[in-house]
Amino acid sequence: MLDPATFVAHPAPGRSCGTCTLCCKVYDVPAVESVAGQWCRHTRQGRGCAIHPTRPDHCRAFHCLWMTEAWLGAEWKPEKAKMVLALDPVTKNMNVQVDPGQPNAWRREPYYGQLRRWATASLPQDRLVLVHLNTSTTVILPDRDVALGVFEPGDRIVRRDRAGVFDVEKVRAGA
């Protein structure tokens with residue numbers, strides 16, 4: 001397993017987290033016993049991290065796509081969109097971590113239409129757009145969404161192309 005702290009992304013010019021702390025709610029961070037779907041106990045909403053100078057490397061290295069990609073508009077800032085976008089450093093799949101307090105945020109416009117366009121553009125490169133709500137995962141395909149449920153360690157997604165129609169399924173570890 002790769003250590004996310006080894007993939008350090010840098011903010012785009014003029015971008016800063018400011019009052020946004022949504023990543024502190026939607027990700028598991030074992031180093032501070034933070035569980036996805038619940039606010040990290042060190043988060044001071046609207047102000048940032050109470051342990052910012054000594055935060056774990058995992059947190060220190062992470063910047064969402066809104067922070068690193070200047071082409072993403074203000075509507076994609078996580079505190080507004082209610083979701084955090086990130087690219088998997090290995091697969092290059094787009095991961096969309098949705099605020100469980102706003103579970104349908106990804107289905108609203110302009111977000112859903114753009115996620116669908118990214119999904120269409122990603123398929124030829126064997127990449128997917130994955131929406132995560134706590135531990136449940138949905139794949140956005142060009143023509144539909146496929147709910148795959150909860151992933152256990154070792155589970156994987158298999159993509160199939162049948163005469164130009166794409167499909168995905170979850171394959172259990174060891175299967």
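Predicted model: local features only at pLDDT ≥ 70, side-chain atom pairs only at ≥ 80, totals over all residues.
The largest cavity is lined by Val26, Ala36, Gly37, Gln97, Val98, Pro100, His132 and Asn134. A cavity here is a set of points, on a 1 Å grid over the protein atoms alone, where a 1.4 Å probe fits but cannot get out, and lining residues have an atom within 4 Å of a point. Its volume is about 30 Å³, taken as the space filled by probe spheres set on the points, with grid points joined across faces, edges and corners. The structure holds 1 cavity of 30 Å³ or more. By class, this lining has 4 nonpolar, 4 polar and no charged residues. For these classes, Ala, Val, Leu, Ile, Met, Phe, Trp, Tyr, Cys and Pro count as nonpolar, Asp, Glu, Lys and Arg as charged, and the others, Gly among them, as polar.

Residues are numbered from 1 along each chain as its sequence is written, and side-chain values use heavy atoms, with hydrogens and water left out.

Let me turn to the second largest pocket, with a volume of about 210 Å³. A pocket is an open set of points with protein on both sides within 12 Å along at least five of seven lines. Helices (H or I, at least four residues) and strands (E, at least two) are DSSP runs, numbered from the N terminus.

Five strands form an open sheet in the order 3-4-5-6-7, with mixed pairing; two strands pair if DSSP finds at least two bridges between them. Strand 3 (83-87) and strand 7 (145-150) are at the edges and have a single partner strand each, so one side of each lacks a neighbour in the sheet. From one strand to the next, the twist averages 20 degrees, the angles running from 0 to 180 degrees between N-to-C directions of lines fitted to C-alpha atoms.

Some individual residues deserve mention. Ser34 and Glu33 both lie in the loop between helix 1 (23-26) and strand 1 (43-44). Is each of them buried or exposed? Ser34 is buried at 7% relative accessibility, whereas Glu33 is exposed at 63%. Buried means under 20% relative accessible area, exposed over 50%, and partly exposed in between (1.4 Å probe, protein chains only). Phi of Glu33 is near 55 degrees, a positive value in a residue other than glycine. Asp126, in the loop between helix 5 and strand 5 (129-133), also has a positive phi, of about 60 degrees.

Arg15, in the segment before helix 1, is buried at 16% relative accessibility. Leaving aside neighbours within four places in sequence, Arg15 is in contact (heavy atoms within 4.5 Å) with Trp66, Met67, Glu69, Ala70 and Leu72.

Finally, the peptide bond from Glu109 to Pro110 is cis, with omega near 15 degrees.
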